[in-house]
Structure formats: C-alpha cells, structure tokens
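Me: I am new to reading protein models and would like to go through this one step by step. Could you take my questions in turn and show how each answer is reached?

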Amino acid sequence: MKLGIVGATGAVGQELLKVLEEREFPVSELRLYASSRSAGKTMRFRGEEWAIEPLPEGPLPVEVVLASAGGSLSKRYAPVWTQQSVVIDNSSAFRYDPDVPLIVPEINAHALQPEARLIANPNCTTAILLMALYPLHKAFGARRVIVSTYQSASGAGASGMQELLEGTRAFLEGQPMINRTFAHPLPFNVIPQIDSFQENGYTKEEMKVLWETQKILNNPSIKVSCTAVRVPTLRVHSEAVSVEFERPVTPEAAREVLAGAPGVELVDDPANGRYPLPHTATGKYPVEVGRIRKNLVFDNGLDFFVAGDQLLKGAALNAVQIAELLLERPQFRQALRSA
Ligand code: A2P
C-alpha cells in the first residue's frame with residue numbers, strides 16, 4: 001500500500017510509524033507530511049530515514065492517507081485528498097456525518113462500506129470505553145452508562161506532554177508554571193475541562209463520548225453521561241464506568257465475557273493489587289479492564305475501571321487496524337499480489 005501520514009511528527013503520527021512497523025504492515029511507499037517547521041527533517045521507519053515533506057495544497061500521491069494533524073486541517077484538505085486516496089481521519093471533523101463510517105474494527109467493521117473514501121477514527125476516550133462496554137453490551141444489553149475519565153496529557157498531543165514535563169520541573173524548582181495547551185497548569189492538579197463547554201454544561205469531549213457511542217453501537221437509545229477530566233499522567237486514559245443493563249448480570253459472568261473479548265486484557269485481582277493502571281497499560285495494544293463489581297445503585301448494574309493507551313487503541317492502532325481492513329479490498333490485494 002502507498003501510504004501517506006499527515007501529522008507524522010505529532011504524538012499520534014510517531015505512534016503510527018511504530019505500529020505500522022510492529023504489525024509488519026505492507027508499505028510499498030511512505031510519504032510523511034508535517035508543517036513547514038518540520039520540513040527537511042527525517043523520521044526513522046524500518047531502519048531507514050524518511051524525509052518529512054511540507055503538506056502540498058492538492059491531492060497526495062498515495063493510496064491511503066492517515067491524517068492526524070487536527071480537525072481544521074482535515075476539514076480543509078480531506079475533500080481534496082479523497083479525490084485520489086482513501087482517507088482515515090483521526091480528527092473529529094467528519095465523525096458525525098451520517099455518510100462517514102466511524103469504525104472500531106473489533107466492533108463495527110461491517111459498517112465500513114467497500115466504496116467509502118473517508119473513514120473516521122473515533123475519539124480516544126470513546127474507543128477505550130467501547131472496547132470493554134461493547135462485549136458486555138452484546139451479552140447483557142447496556143441501557144445507561146455513567147463515565148468519569150482520567151485523561152492523560154498526551155491526549156492534547158506532543159505539546160501537552162511537553163507542558164506537563166516542563167511545568168512539573170518548574171513547580172519543583174519553585175518557578176511559575178506556564179499553561180498554553182491546558183486551561184490551567186496540569187502538574188499536581190486535575191482539570192475538569194477537556195475541549196470547550198457546550199450550552200448544556202457538558203464539554204465537547206464529554207458529548208463526543210455520547211454521540212460516538214450511539215453511532216458505533218448503532219443504537220440511538222443508549223444513554224451516556226460523561227465527566228471528562230485531565231490528570232497529570234503522560235499516557236493512557238483511564239475511566240471509571242457504571243452501567244445499567246437490560247438483563248441480569250454478575251461480576252463473574254462479566255469477567256467471563258471480558259476474558260474472551262478481542263483487544264481486552266482482564267486485570268482484576270484487587271486482593272493482590274492488580275487492576276488497570278496507566279503504568280501497565282502504556283504501550284500495550286489491549287485495553288486493561290478490572291475492578292469489576294456489582295453496582296450498588298442500578299438494578300442489573302456493574303462498575304468497572306478501564307485503562308487504555310489512547311495513542312494506540314484510541315488513535316494510531318485503531319487507524320492501522322482500519323487500514324488493515326482496507327487491505328482486504330480487491331484493489332489492494334491485486335496490487336500486493338503483483339508486487
Ligand atoms: P509539526 O511537528 O511540524 O508542527 P500533535 O497532535 O502532537 O500536536 O501533532 C500535530 C501534527 O500536525 C504534527 O505532526 C504537526 O507538525 C502537524 N501539523 C500542524 N500544523 C500543520 C500544517 N499546517 N500542515 C501540516 N502539518 C501540520
């Protein structure tokens with residue numbers, strides 16, 4: 001596959017290169033695009049240095065574009081890129097367009113129509129939540145979901161990680177902390193605001209979890225209320241989740257379902273201090289799930305805790321998995337056979 005990565009130098013872009021390498025994705029040609037600030041630099045892929053190019057105005061000379069350079073850039077260029085390429089877009093620009101499939105391969109690969117030219121990659125918090133919620137939903141029918149998140153600095157890109165590290169250093173040295181990326185200084189703090197506030201008092205990040213859950217599960221009646229909070233970790237989004245199901249459920253039955261679910265690792269042995277953690281979930285493809293217990297408020301209710309590397313399942317890994325689904329298309333299979 002001739003592949004282009006837009007935003008190659010960013011937090012997600014760097015992970016895309018690693019995931020493509022680890023999964024031995026068949027790349028016949030690679031084009032790396034970033035801003036003019038990075039033009040002339042190189043990035044390493046499969047032992048070789050690849051030049052970073054400034055993004056041209058027109059279509060890109062590749063079969064598939066993996067875009068991860070923000071919503072406004074995608075909004076502007078995706079219609080141009082789709083003239084020549086299939087676009088997998090990591091931004092929220094097209095996720096709510098009914099004609100654009102929003103795909104988590106373990107959940108709704110069937111929603112990826114063969115003719116789709118533009119495919120949206122979901123919000124990181126939603127993807128991580130659904131990896132655990134979907135298998136339980138299939139088994140017991142989820143009706144109402146309450147989520148509180150603990151989202152890491154890298155959710156705001158490379159600049160978010162840098163701001164957390166530099167702010168922590170400044171704090172320890174008694175210097176003022178500067179915040180440009182986050183609404184407040186993040187070190188030694190938690191910030192109950194991710195993205196902008198909406199008229200209903202929720203933030204956009206919180207509403208994305210509702211909108212995208214309903215779209216990916218193809219279920220407009222499932223109710224989700226989310227409180228999204230930024231915490232001073234570098235990587236991995238964690239989420240405390242309470243769910244009311246239609247059918248009776250026990251923690252044992254939920255554990256059995258999750259133990260067999262693709263992309264999920266059951267880490268649920270609290271007596272021995274084993275439960276999902278950002279430290280253990282960092283760099284890991286599966287999403288960790290644990291602290292599974294009967295919820296004391298809902299009938300047929302469960303509580304659990306999820307931790308997933310949002311740069312991977314919440315972004316780069318999911319995008320590469322979508323590209324792997326595209327490889328099954330006849331045009332790519334043909335090209336691979338003749339290569
Ligand atoms: P650059 O590193 O040259 O600024 P992150 O999400 O980690 O902040 O990364 C954003 C990515 O989007 C980076 O690769 C960044 O490149 C890239 N980017 C930002 N603005 C543009 C632009 N105008 N054209 C192309 N790439 C851009």
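Me: In which loop does Asp 195 lie?

Reply: This is a predicted model, and what follows should be read with that in mind. Asp 195 is a residue with a positive phi of about 75° although it is not a glycine. As for its place in the chain, Asp 195 belongs to the loop between H5 and helix H6 (204–216).

Me: Is Asp 195 buried, exposed or partly exposed?

Reply: A residue is called buried when 20 or more other C-beta atoms lie within 10 Å of its own, and exposed when there are 12 or fewer. Asp 195 has 17 C-beta neighbours inside 10 Å, so the class that applies to Asp 195 is partly exposed.

Me: Which strand holds Arg 291?

Reply: Most residues other than glycine have a negative phi. Arg 291, however, has a positive phi, near 50°, and is a residue other than glycine. With 16 C-beta neighbours inside 10 Å, Arg 291 counts as partly exposed. Its place is in strand S12 (residues 287–294).

Me: Which strands stand at the edges of the open sheet of seven strands, and why is one side of each left without a neighbour?

Reply: The order of the open sheet is S3-S4-S2-S1-S5-S6-S7, and its pairing is mixed. Each edge strand has a single partner strand, so one side of it is left without a neighbour in the sheet, and these edge strands are strand S3 (42–45) and strand S7 (118–120).

Me: In what sense do strand S1 and strand S5 pair, and over how many bridges?

Reply: Within this pair, Ile 5 stands opposite Leu 66 in S5. Strand S1 covers residues 2–6 and strand S5 covers residues 64–67, and the two pair in the parallel sense over four bridges.

Me: What angle does helix H2 make with S6?

Reply: H1 packs on the sheet and touches S1, S3 and S5, its direction making about 25° with that of S3. Helix H2 (residues 71–81) lies across S5, strand S6 (86–89) and S7, and its angle to S6 is about 160°.

Me: How many residues surround the ligand?

Reply: The shell around the ligand draws at least three residues from each of domain 1 (2–93 + 315–338) and domain 2 (126–310). Helix H1 (11–22), strand S2 (29–34) and helix H5 (158–172) each supply at least two of the shell residues. By type, the shell divides into eight nonpolar, eight polar and one charged. Among the closest are Gly 7 and Ser 38, and the number of residues that surround the ligand is 17.

Methods
Residues numbered from 1 in each chain as written. Predicted model: local features only at pLDDT ≥ 70, side-chain atom pairs only at ≥ 80, totals over all residues. Near = placed C-beta within 6 Å. Nonpolar A, V, L, I, M, F, W, Y, C, P; charged D, E, K, R; others polar. Domains from an automatic or database assignment. Pairing = 2+ DSSP bridges. Contact = placed C-beta atoms within 7 Å. Axes fitted to C-alpha atoms, helices over the stretch in contact; angles between N-to-C directions.
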